[in-house]
Amino acid sequence: MTAADRLQQRKWNVVFLLALGMVIAYVDRANLSAVLALKGFRQWVALDDTGRGLLNSAFFWSYALLQIPAGWLVDRYGAKRPYAIGFAVWSLASALTGGVRTVGQLAWARLMLGVGESVSTSASLRWIRLHCEESERGLATGILFGGTKVGAAIGAPVTIALVSHFDWRLMFLLSGAGGLVWLAAWLFTVKEEAPPTRTARNP
């Protein structure tokens with residue numbers, strides 16, 4: 001295998017790693033919805049339908065609010081470090097959800113999950129733009145967003161399977177710990193970007 005072939009293989013490995021990151025993100029954001037359907041969890045939460053709806057939406061409050069700041073961070077510092085930090089934050093938030101003792105703590109964990117995940121799309125698209133040829137970006141983007149659909153499709157079944165074999169607290173812990181495996185692969189595989197350079201504007 002030539003050096004060019006190895007670079008090409010490495011590039012597509014990262015694209016699939018980004019897609020896997022999206023799978024994990026969508027599973028982690030969907031797991032609470034699946035758990036809220038469990039009778040034992042509903043009794044522990046002790047909320048009416050409105051309260052459960054607010055708890056489900058807590059993730060999106062921070063996720064939506066931080067989309068623009070996350071994009072700025074990725075432009076300023078590149079894809080690798082912001083995504084690594086964001087992934088660590090959301091994996092930790094997911095793991096800590098298994099240890100919550102109050103509804104307020106659960107809401108804060110979901111808010112922190114949104115904080116961490118807010119950088120995922122910006123970082124992924126930046127990496128694709130910088131490392132894939134123009135003729136490859138459509139395929140790379142399709143693979144990336146295919147991960148979102150896979151994650152949304154398997155989120156509830158995976159959650160219910162883990163809860164059935166263990167319990168909801170251990171399910172959240174395993175979800176967070178599993179994300180750290182992805183993080184290790186990201187840090188090992190992806191190189192730091194060169195600092196961004198300013199270009200002269202056309203008159």
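Reader: Which residues of helix 6 are buried?

Author: Burial is judged by relative accessible area, with under 20% counting as buried. In this predicted model, the buried residues of helix 6 are Leu106, Ala109, Arg110, Leu111, Leu113, Gly114, Gly116 and Glu117. As for spacing along a helix, an α-helix has 3.6 residues a turn, so residues three or four places apart point the same way.

Reader: Which helices do the buried residues of helix 6 pack against?

Author: They pack against helix 1, helix 2 (39–45), helix 3 (49–65), helix 5, helix 7 (120–131) and helix 9 (168–189).

Reader: How far apart are the end C-alpha atoms of helix 6, and what should its 15 residues span?

Author: The expected span is 1.5 Å times one less than the number of residues. For the 15 residues of helix 6 (residues 103–117) this should come to 21 Å, and the end C-alpha atoms are 21 Å apart, which agrees.

Reader: How should I read the packing of helix 1 and helix 5, and at what angle do they pack?

Author: One takes the angle and the distance between the axes together, and here helix 1 (residues 3–35) and helix 5 (residues 80–97) pack at an angle of about 30°, with their axes 11 Å apart. Angles under 35 degrees count as roughly parallel, so helix 1 is roughly parallel to helix 5. The crossing of helix 1 past helix 5 is left-handed, and the contact is made by Leu18, Gly21, Ile24, Ala25, Asp28 and Asn31 on helix 1, with Tyr83, Phe87, Trp90 and Ser94 on helix 5. By class, the residues of this contact are six nonpolar, three polar and one charged.

Reader: Is Ser94 buried or exposed?

Author: Ser94, which is found in helix 5, has 4% relative accessibility and therefore counts as buried. Leaving aside residues up to four places away in sequence, Ser94 touches Asp28, Asn31, Leu113, Phe172, Leu173, Ser175 and Gly176.

Reader: What is the handedness of the crossing of helix 1 and helix 8?

Author: That crossing is right-handed, and the axes of helix 1 and helix 8 (residues 137–165) come within 6 Å and cross at roughly 35°. The contact of helix 1 with helix 8 has 22 nonpolar, six polar and no charged residues.

Reader: Where does Ala46 lie, and is Ala46 buried or exposed?

Author: Ala46 lies in the loop between helix 2 and helix 3, and because its relative accessibility is 59%, Ala46 counts as exposed. The C-alpha atoms of Ala46 and Ala93, which are 47 residues apart along the chain, are separated by 22 Å.

Key: Residues numbered from 1 in each chain as written. Predicted model: local features only at pLDDT ≥ 70, side-chain atom pairs only at ≥ 80, totals over all residues. Heavy atoms only, no water. Axes fitted to C-alpha atoms, helices over the stretch in contact; angles between N-to-C directions. Helix = DSSP H or I, 4+ residues; strand = E, 2+ residues; numbered from the N terminus. Parallel < 35°, antiparallel > 145°, perpendicular 65-115°, else oblique. Left-handed = near helix turned anticlockwise from the far one by under 90°. Contact = heavy atoms within 4.5 Å. Nonpolar A, V, L, I, M, F, W, Y, C, P; charged D, E, K, R; others polar. Buried < 20%, exposed > 50% of the residue type's maximum accessible area, 1.4 Å probe, protein only.
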